[in-house]
Amino acid sequence: MTENKEVILSKEYLEKLEDELEYLKTKKRPEIAEKIKVARSFGDLSENADYDEAKNEQGEVESRIAKVEDMIRNAKTIEVIENSDEVGVGNTVTVYDEEFDEDLEYKIVGTAESNPLEGFISNESPVGAALIGKKVDERVEVSTPNGKMYFVIKNIK
């Protein structure tokens, strides 16, 4: 039996997952069951593309349901500390990137929520891990696969 890992989530993301689970169970499952029923009525299942497609979709949905249920079951919601002087999970951090001479803004989140293209970085990522526990005006060195990066923390909210 595998040990389940704690999943760090914001309250908003947990609610989003609960809504998704409700949709998958109450809307998507019955919709796919109907597709399978219709496809079966066409006869020979061995060469029935509609049936194969519906069964594949059913597998994907059931897999997502299991994943979302597991995430919810192992969720630890983060409490964002207002006016914190140290970077923590849930904070939005403005940093100055010394190499590219620009300001960047990141929200530190758990791995399940991370989306670097949207500015949501995991607390377990190189940048996220390096920022955790740091304060405004601190210079942070981050070791990445592409080499070292240097940031100065400008704001924590």
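Reply: Happy to! The protein chain is divided into domain 1 (7–78) and domain 2 (86–156), with bounds that come from an automatic or database domain assignment. The centres of the two domains, taken over C-alpha atoms, are 34 Å apart. Where they touch, domain 1 gives seven residues and domain 2 gives six; contact here means heavy atoms within 4.5 Å.

A word on how to read this. The model is predicted, so local features need pLDDT of at least 70 and side-chain atom pairs count only at pLDDT 80 or more, while totals for chains, interfaces and linings use all residues. Residues are numbered from 1 along each chain as its sequence is written, and side-chain values use heavy atoms, with hydrogens and water left out.

The protein chain has three helices and seven strands, in the order β-α-α-β-β-β-β-α-β-β along the sequence. (Helices, H or I with at least four residues, and strands, E with at least two, are DSSP runs numbered from the N terminus.) With a radius of gyration of 22 Å, well over the 15 Å that the globule rule gives for 157 residues, the protein chain is more spread out than a compact globule. That radius is taken over C-alpha atoms, and the rule is 2.2 Å times the number of residues to the power 0.38. Along the principal axes, the C-alpha atoms fill a box of roughly 70 × 30 × 30 Å. Of the 157 residues, 32% count as buried; buried means under 20% relative accessible area, exposed over 50%, and partly exposed in between, using a 1.4 Å probe and protein chains only.

Now for domain 2, which covers 86–156. Start at Gly88, in the loop between β2 (75–77) and β3. Its relative accessibility is 18%, so Gly88 counts as buried. Leaving aside neighbours within four places in sequence, Gly88 is in contact with Ile108 and Ile132. Gly88 and Glu105 are 17 residues apart in sequence, and their C-alpha atoms are 14 Å apart in space.

Next, find Asp101, in the loop between β3 (92–97) and β4. Asp101 is exposed, because its relative accessible area is 57%. Its phi is near 50°, a positive value in a residue other than glycine. Why stop to look at that? Most residues other than glycine have a negative phi.

Step on to Asp103, which has its place in strand β4 (residues 102–109). Asp103 has 41% relative accessibility, so this residue counts as partly exposed. Apart from neighbours within four places in sequence, Asp103 is in contact with Thr94, Val95, Tyr96 and Lys154.

Finally, look at Asp137, in the loop between α3 (126–131) and β6 (139–144). Asp137 counts as exposed, because its relative accessibility is 65%. Here too phi is positive, near 75°, in a residue other than glycine.

To recap your stops: Gly88 is buried, Asp101 is exposed, Asp103 is partly exposed and Asp137 is exposed. Enjoy exploring!
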